[in-house]
Every structure is written in structure tokens, then in C-alpha cells.
Amino acid sequence: MTAPFLWIGIPILASPLALILRRERAVTIFGGLTTAILALVALFIPIDVAMLIGPLSLKISPSVQILGRSLSLDQANGSLLAILYGLAALWFFGAEAAGAARRLVPFGLGILGLLVASIAVQPFLFAAPMIQIAALLTVPLLVQPSRAPGRGIVRFLIYQTLAMPFILFAGWLLAGVEASPGDLELAVQSAAMLGLGFAFLLAVFPLYNWIPMLLEEASPYAVGFLLWCFPATTSFFLLGFLDRYTFLRTSPAFLTALQTGGLLMVVTGGIWAAFQRHIGRMMGYAAVAETGFFLVAASLNTSAGLQTIFLQLVPRGLGMAVWALALTVVQPQVEGFGFSEVRGLARRNPLAVAALILAHLSVVGFPLLAGFPVRLALWEGLARQSIGQAAWMLVGLLGLLTGAVRTLAVAVMADEQSAWEWNAAWVQVFMLGVGILALFGLGLFPQVIQPFLVNLPAMFEHLGR
Amino acid sequence: MIVAVVSWLAVGLLLVTSTGLLLTRDWRWSLGLLAAQYLAMFWLVLQYWPFGMAAVKLVTGWMVSAAIGITRLGLPETEEPAEAAWPQGRLFRLFAAGIVVLIAASATPGLSSLIANVSPPVLAGSLILMGMGLLHLGITGQVLRVVLGLLTVLAGFETLYAALESSILVAALLAVVDLGLALAGAYLLTSAAPAEESA
């Protein structure tokens, strides 16, 4: 048994199997159980260590050769795999409540397998085409048959496709920089290429306009899944570059560019959210700000910064899942997601609105919620380097908070006579309830995810040391 | 000597096909030009890769053209809707293509010194393809045109990258990307069709 077969092969093979299943609940259980089992295996069975189970000796080999290159997942990747597949299980179990299981589970399994392959491939540079193939798989997930594709999906396709050539070419240039470290011109050219590639890939300012567009035209749950799984894995790809190339890691200009890009995303995401009148697009701008937080944390280039990136993994996945599910649950009860259409929604579906607001506040870093410890740690780290930059982060957070308060104000703006209703199926109530409890749980006891995070720095040889 | 002459002829063919893709409105012509484009690309890649690996590019390219063609053939014949924001005249597009060719011609010598092991025809061909593809993406929002633009950009990149990296895994992954892009485009075309019919 090899680790790549377990965590890459099985999800990719399970993907077409899930397409065969016709009932929404069967697909949900199949996808949820598959990913939950993979998460548990990653958590409890060490890679490359022989284990005796009765008379049987079990060992998961870390790598496999494919076409002259290797796919390798070692012990350090175990925690990351457990987090990724654990969160994927949450998304897949929630897919039934969102009514999206028959599309999300089959394509989601394939996408997840490919994204894990992008983490495993050696040399790591070849992750770029794998991420591109995963991006292509999102097309049938995001566009329903017999519905005209909008501008958002077309732009998403263009930007993701343009990212790959830039990153692959930057990788080739970087090999040249390694060979002749004194060539400053080549170093600048390679850093610029790499920056452009990741700007397209991570939807860095100003290339994120497809995110709010997509949230207007596609299922919020499918877009939410995309906004969770792509940044969660591609951010490790960027960290891999920083870890591999010393001159990038130590270049003040590159780190400043990273920080400025991140803060621009936080500030613009916050400001657009503050003035937004569409609760779907609001989630998009929050996702933009989340990516900005990651870039800021990466730019700190300290072990604390790296820990902040890892700490962000679970709250981001959880918050996005709860937010996307809440939007999907209220979708049939409103004509659109504009403020005028969701007015008084809190009386028609109080639980979904509460989940939506709490997920939003978690992104802001509101006390007692999952995002609070992460924002606090990042803010503290940033303030140590520059008070001015920390102030800009505050501007972004205040913008996001304004968006949350405006959404809440509109949602509770109902006639006095209108009755409270409970328009949610039991499975929706259960999933939203679990999500809300988890948001509070992670906010009150952030240390519960610490055992998952403790091995993650071992994935990188130099970063944060 | 003969190889160099044929390579420059291939660059000429790439210029004609990529400009033709920009100018023509007929999807049949577009797909024919795309297939011819992959033939010229195959010749340029052949200078760096063995025949078997280079043939993968050609076969993939033709499969891509066939996949899009078969999908388009099954859709009703409708006139392409006019683009909202850009000048649509052929003269304008020809002028823009001329600028791309000028940029490619002026950038090739400089890049030759940066990437010493890539021959000038390969560099010129890849720059023309990438430039024309980007121009194509810049002036259209229609699904078929966007897919053709992306395939052109990727063809340009793959031509250049073949001279730099000969890994079989990368060749296989890039072939999957091309095919995946064609299939994604085919899916989007069929999704768009009923809406266009009802409009």
C-alpha cells in the first residue's frame, strides 16, 4: 500500500463511482465516509512506519514513481491530509443539506485527489499543471447543464489557465538563479514571473473579480467549496517555493510585495464588503480577504507567521462551509441575494441567518468565534513589524465587520406583524447547528486543533526557522 | 540549413493560423486553423523532443480540435453575438495582430540571449502564439473564442517549454490540460446552447 494511492488514487477512483449513484443521500454518505475514513487513516496510521496488526505487518510506503517522477507523501504530510480530508468530509456531509451532493461529491473527490497530488509531486514545480487540471474539473461543478455560463466562470478559466505557464516558466528561471546566484536581473525576472503566476492562481488583487461574479451565477455551496480547497492547497505550493529558494525567502522586496498584495486584498475585500448589497458577493469579498490574510502571514517569514498560516486552515474551511451552506439553505426562500430581497429573512429562517452572520463574524475575527485566535495572532505578528501595516489590516477588518452588521440589520428588518418561521429541513438544522457549535468551539478552545498542526512545519525544510 | 528554413516556414504558418483565428468568424475555419497550428507546433517541438513525444502534441491538438468540432457540429447554427465593448472590424483586429507580430519580432533577439538554448524560430513562434492568444482573450467573451484563445496561448507556451523541459510527466500533464480545456469548452458550449436558443 502506498500513501499516494491512498490519498490520491482512491479519491480519484471514487469520483466516477460517485457519479453512478443516483440518490442524493447515497452520494452524500459515500463521499462523506470515503473522505472521513481517509482523514482518520491519515491521523492514526503513520506513513513509512511498519505496524503489526496481529500476524499482519502493515506499512504505508511514502512514494510511488510515475513517468520518471515521484509522488511522495511522508509523515509530515499526515496532519495536512487529515485536515484536508476531514474538512472535505464536512463539506460532503453538508452537501445533502445544500441539495448539491450529486454534483459536489463526484467532482469534489476528483478535485481533492488532484490537489493532494499537487502537494505530493516531486519536483514540486509540476504541481502547476495538476492544479490546472483540478480547475478544469470545477467547470461542470459550477455550471449546471442547460444554463448559460456567465462571465465569472469564463474569467476563472482564463486566470487559472494563465497561471500555469507563468509558474512553470518561473520555475525554469529559478533553476537558473540557483546556478548563478549573483545574476540579479535573472532573479528579478523569475520573481516577477512567479508573482504573476501566483497572482492569477490565488486571485490576488486586482485579479479576483471572478469571485463575486461566480457567486452571483453559480451555487454558493459549489463556489464555497472552490474558495476553500484551492487556496488551502495552492498556498502550500507558494510556501514550497519560498522554502526551496533562499533568495525569495530572504528578499525584502519580494516579501514586501507579498505583504502589500495581501494587505491590498484585505483592505479592498473589506471595503467592498462594507458597501456590498448582495450577500453572495459579500462571501466572495470575505474569501478575498482570507487569501489576503494568508499572504500577509507568509510575508512575515517567521515561525509565528508559518504557525498562523497553519492555524488558519481549519477556521477558514469551517467558516466557509457554514457560510456557503447557510446561503444555499436560504436560496429557495428568496428571489435573489440582494439586500432588498433578503429583507426580514431572519424571521423566515433564523437558524440559517444566524449561521451566516456568525460565519461572517468569524472571518472578521470576532471574539469567541473560530477566526478570533488566528486574526489576533496575525495582527500581533504584523504589529511587531509595522504598526502602519497593522492599522491597514484593521481597516480591512472594520470593513468586513461593517458588512456583517449591515447584513444583520437587513435580515432582521421585518414587519412587526410577520411571524417567526422555521423553514429548514432537519438535515439542514443539524448541519447548521453543528457548524455554529464548531465555530464557537474553535473560538473558545483553539488548542483542540494544535495536535493537528504540530507536525506541519516539518513539511518545510527552511521556512520559519 | 533545410531544418532552419522549414522551421521559419512553420513560424510563417503559425502567423497565418493565429491571425486567421483572430479574423475568422466561421467556427469550421477556426478549427481547421487550430489543427494546422498544431502541425506547425509539432515541427518546432520536433527540434527538441524525439518524434514519439512530439507526436503527442500533434495528436492531442487534433483531438482537441475534433472534440470542439464534434460538439459545435451538434449545436444549432447561430450567428455569433456582437461583442459589447470592443471595435469589431477586421481591420482593427488585423492592426492589433500586426502590433503583436512587431512585439514578437523585437523581443525575439533579446530573449535569445536570455534563453540561449532555444532557437530563434521556436522563440518567435511561441511568442507569436502567446501574443495572439492573449489578444484573442482580450477582445472576446464568447466561450468558443475564449477556449481557442487559451489553447493558442498554451500552444505557444508548450512550444517554448518543450525546448526547456523534456520530462514525460510534464508532457503527459500538459496533454491532459489541453484535452481538459477542450472538454471544459465543449461542456460550456453545450450548456450555453439552450439558453441561446430560447433567447
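## Chain B: overall build

Two residues count as in contact if their C-beta atoms, placed from the backbone, lie within 7 Å. Take the contacts in chain B between residues at least 6 apart in sequence: 72% of them join residues at least 24 apart. The model is predicted.

Chain B has seven helices and zero strands. From the N terminus, its elements read α-α-α-α-α-α-α. For 199 residues, a compact globule would have a radius of gyration near 16 Å; chain B has 17 Å, so the two agree. Along the principal axes, the C-alpha atoms of chain B fill a box of roughly 55 × 35 × 25 Å. Of the 199 residues of chain B, 44% are buried.

## A residue in H4 of chain B

Helix H4 of chain B covers residues 90-114, and Leu111(B) lies in it. Leu111(B) has 17 C-beta neighbours inside 10 Å. A buried residue needs 20 or more, and an exposed one has 12 or fewer. Leu111(B) therefore counts as partly exposed.

Ala124(B) sits 13 residues from Leu111(B) along the chain. The C-alpha atoms of Leu111(B) and Ala124(B) are separated by 9.5 Å.

## The contact between the chains

Chain B brings 29 residues to the contact, and chain A brings 27 residues. On the side of chain B that touches chain A, helix H6 (143-164) and helix H7 (168-198) of chain B each supply at least two residues. H7(B) gives the largest share of that side, 17 residues.

## A three-stranded sheet in chain A

Chain A holds an open sheet of three strands, in the order E3-E4-E5, with antiparallel pairing. E3 and strand E5 (121-122) of chain A stand at the edges. Each has a single partner strand, so one side of each is left without a neighbour in the sheet.

Strand E3 (residues 63-66) and strand E4 (residues 69-72) of chain A pair in the antiparallel sense over four bridges. They form a hairpin with two residues between them. Leu67(A), in the turn, has a positive phi of about 50 degrees. E4(A) and E5(A) also pair in the antiparallel sense, over two bridges.

Leu71(A) links both pairings. Val64(A) stands opposite Leu71(A) in E4(A). In E5(A), the bridge partner of Leu71(A) is Val121(A).

## Helix H16 of chain A

Helix H16 of chain A runs over residues 350-364. At 1.5 Å a residue, its 15 residues should span 21 Å; the end C-alpha atoms are 21 Å apart, which agrees. Gly365(A) follows H16(A) and has a positive phi, near 95 degrees.

Is H16(A) enclosed by the rest of the structure or exposed? Twelve of its 15 residues are buried, so H16(A) is largely enclosed by the rest of the structure. Among the buried residues are Ala352(A), Val353(A), Leu356(A), His360(A), Ser362(A) and Val364(A).

The buried residues of H16(A) pack against several helices of chain A. These are helix H12 (279-300), helix H13 (303-330), helix H15 (345-348), helix H17 (371-385), helix H18 (387-411) and helix H19 (426-444).

Note on methods. Residues are numbered from 1 along each chain as its sequence is written. Chains are lettered from A and ligands numbered from 1 in the order in which they are written. This is a predicted model: local features need pLDDT of at least 70, side-chain atom pairs count only at pLDDT 80 or more; totals for chains, interfaces and linings use all residues. The radius of gyration is taken over C-alpha atoms; the globule rule is 2.2 Å times the number of residues to the power 0.38. Two strands pair if DSSP finds at least two bridges between them. The expected span of a helix is 1.5 Å times one less than its number of residues.
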